[in-house]
Each structure stands twice: as structure tokens, then as C-alpha cells.
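This briefing covers a helix pair, a strand pair and a set of aromatic rings. Please keep the structure in view while reading.

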Amino acid sequence: MRSPVDSLTWTLAARFLLGDKSRVLAGTARAAIASIAIGVLAMVIGMALMSGYRHDLERRLLAGSAAVGVFPIAGAPSALEPDPLRRLTSIEGVAAVGRVVYGQGSMASGSAAEGVDLTLRGVDPGGPDLTGRPIDLASTAEGLPEIVPGAELAADLGIADGDVVRLTVLDASSVRPRFRYRSAVVREPFRSGYFEFDRSWAVVDRGFLAELTGLRGSFELTLEDPEAAGRVAEEARTLLGPDFDVRNFRNANQELFEALEWQQALLFLVLGLIVVVSTFNVASTLVVLVRERWRQLGVLAAMGTPPRQLAAVFVVYGGLVGAAGIVLGLAGGSLAAWILDEFEIIRLGSGLSSIYFLSAVPFRLRWWDLGAIGSFALLVTVAACILPARRAASLDPAAALRYQ
């Protein structure tokens, strides 16, 4: 069967769209384009917000704990020796293997003598801080270790680079835990953008923290592709045996990421209702077009134009109107999302940061999000054209030619 959409269909649709002199029709067409553009723009910004939040949260979580962690079992004969390190490095997809120690304690300063609870991360020289940036911690000439606190933690304690702070660290190596006390010199605070890290974490030398806590520490695996964490964790379990506990930190946060995926899908549907409502403007434009072109349609029908082709003309017309609005919406939404992200226009106060774990709202554009938005908007726009197009196809040529 011959397709009703051919060069004549496109020519007539373009002539109706671009060559119209009716103010009413031109006004309704502009209103339809604007409404679709606004709906698409809202969807682009909403999807960029959710994609940015998910990506930024995952990146910052993995920057603080890596994708895969390997912990020696208490009492096991194996320790942090070169052999486990060599075996972990040999796993395909592992970019780096770091040795870390974690400890709990508090830190006090001259302006905050009561202290603030914090988590300490001990890394080897050149190891990463909570932003993934390598740092080289050493001791001062007086023998004091260096410590790199989070920016919010430093602000709460009123400390800056070069200040001396007092650490109270929990020693968990004995049967009865006890506290150990040491002074340390502050180095330039880090700012990860993840509020929980910036407010209650600090980085120190691994040997220093291991001495205070009595803990053996663990391995952290940085991967070339974080999506391969499951495979790498399984290989690490096989290579190391029962003396080590291997944890996939992506799995540990899987429920959080799945909840965010569902939230993004629901947001897509809710914002999609704006586009669905805007298609009523397209339908009304076609109704006006059919009424104003009733006589011309009668002439085309009398000359033998098939009803299916007349209907196709109006579907193509509505598709062109929708495509114009979609292009404007995608372009405007992409530009707005880029500006909001690049200049961090939407920043969160400390109260909201503690809830959403971010200091600024991120926006991230993904081509498949833009493709899904454009396809959805075009689909519902074309669907809205069907009823007015069927009305045009069902006209009686004799009655249309008598139309005044």
C-alpha cells in the first residue's frame, strides 16, 4: 500500500504552516510551539537535576570509600603484606590499590575546646583525600603529624592552615577500648562538595592513625570502570580466600541509587504531563486550520486526493509544530541546565546540605535523557493530531466547495 506521506504531503503541510495569513491561526500555532517548548524545557531541567544528583552523589561516595574494600579478618594469619597487594593489583580493571585505616574520635581547637566528633581516614603518602586528590602528609619539625580536615569541619572549629588541634582517638586494639590523645597541625582543608565528608571527616597519615587505633587497616580498590565493582569483588574473594572480607560499596548503597532511579522515572512522568497538556494547543491549532482551509480541502478532495493523504497533511503539520517546540525546549533547557551547573547558582545552606549531602545542586545533561524527552514529546504531539486529522479526512467535497 502506498504511503500517504509523500512530497505533496510535506509541501501542503509546510505551505499551511509558513504561508498562512490568518492572525488567529498564526497565534494558535505560536502558542502551541511555546507551550511545548516550556514543557520540554521543564523536563530537560528536571532530568538534568536528577541525573546530576545521582552521578554526583555516587562519585563523591566512591571518592571517600572507593568501589571495593578488602578488610582482613580479625585473628587471620594474613596481614597487609605485599602478597595480597600484588594479587589485588593483578585483577583486570583495577586502576590502583590503596591501604587505609579508619578511626573514630573528636578534634578540638582553641576556639572550640569542647571538640567535634569526626571520622579519621588514614592514607599512605600520596594517597587520596576525600575528593580523590593525592596528598602527601608528613610530620612537622616539632614531630607533630599533619591533618587535613573537611572545609565545614574547619569552619566549625575556627581553624586554618598551620593551626594546632587536639585529637582524641578511640583505641580499639585492646579488650577494653580506651582513648588516646595527640596534637596535630592543620593543613589546607579539602572541600569535596559532599556535606557529610566536609563536616565530619579528616585525613591523616595511615601509620599515625594505625598507631593510635591499633587497627590493621584495609585495602581500597580504585576501578577503571565503577560499574565493574561486582566482578572485581568476586575475583578478589577468590584470590584472597577466607582471611579477607571483600565488600562492594556500590551494593552497600544500591537501595539509595535504586530509589533515585525510581524518583527520576516518576519525575519524568509528572513533568511529561506538562507536555501532554500542551498538545491540546496543537489540537486546537489543527481544528482552526481545518475550519479555515475547509474550501481548499474540498478542492483537493475533488481533485482526487485520498482521505488518508489529507489526514497525513495535518499530522505532518502538527508534527512540524511540535518539532519546533521540542527543538526550542531542548536547546533552552540544555542552556539553562549548563548555566545552573557551571556557576552553581542553586546553593544549599548547611541545614539542607546535611539532608541532601550536597552543598550545591548539580545538573548533568545526558544524550539519552534528551533523546527520551524529545521522542516522548513528539509522540504525544503526533497522537494529539489524529482526531483533527480524521475530521479533515472525512469531509464531503461537495459540502466543502459550498462552504463560505
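The points below are grouped by topic. The model is predicted. Strand E9 is joined to strand E1 in an antiparallel arrangement.

**Packing of H9 and H13**

- The crossing of H9 and H13 is right-handed.
- On the H9 side, the contact is made by Gln264, Phe268, Gly272, Val275, Val276, Thr279, Val282 and Ala283.
- On the H13 side, the contact is made by Asp369, Ala372, Ile373, Phe376, Ala377, Val380, Thr381 and Ala384.
- By class, the residues of the contact of H9 with H13 comprise 11 nonpolar, 4 polar and 1 charged.

**Aromatic pairs**

- The count of aromatic pairs comes to 6.
- One of them joins Phe268 and Phe376, with 5.5 Å centre to centre and 65 degrees between the planes.
- The pair of Phe268 and Phe376 counts as edge-to-face because its planes are over 60 degrees apart.
- Phe376, at 22% relative accessibility, counts as partly exposed.
- Trp367 and Trp368 form another edge-to-face pair, with 5.4 Å centre to centre and 85 degrees between the planes.
- Trp367 has a relative accessible area of 68% and is exposed.
- Trp368 has a relative accessible area of 42% and is partly exposed.
- Tyr102, Phe197 and Trp201 are linked into a cluster by ring pairs.

**Strands E1 and E9**

- Strand E1 covers residues 68-72, and strand E9 covers residues 244-248.
- E1 and E9 run antiparallel and are joined by 5 bridges.
- In this pairing, Val68 stands opposite Asn248 in E9.
- The covered face of E9 consists of Phe244, Val246 and Asn248.
- The uncovered face of E9 consists of Asp245 and Arg247.

Note on methods:
Residues numbered from 1 in each chain as written. Predicted model: local features only at pLDDT ≥ 70, side-chain atom pairs only at ≥ 80, totals over all residues. Heavy atoms only, no water. Left-handed = near helix turned anticlockwise from the far one by under 90°. Helix = DSSP H or I, 4+ residues; strand = E, 2+ residues; numbered from the N terminus. Contact = heavy atoms within 4.5 Å. Nonpolar A, V, L, I, M, F, W, Y, C, P; charged D, E, K, R; others polar. Buried < 20%, exposed > 50% of the residue type's maximum accessible area, 1.4 Å probe, protein only. Pairing = 2+ DSSP bridges. Phe/Tyr/Trp six-rings, centres within 6.5 Å; stacked < 30°, edge-to-face > 60°.
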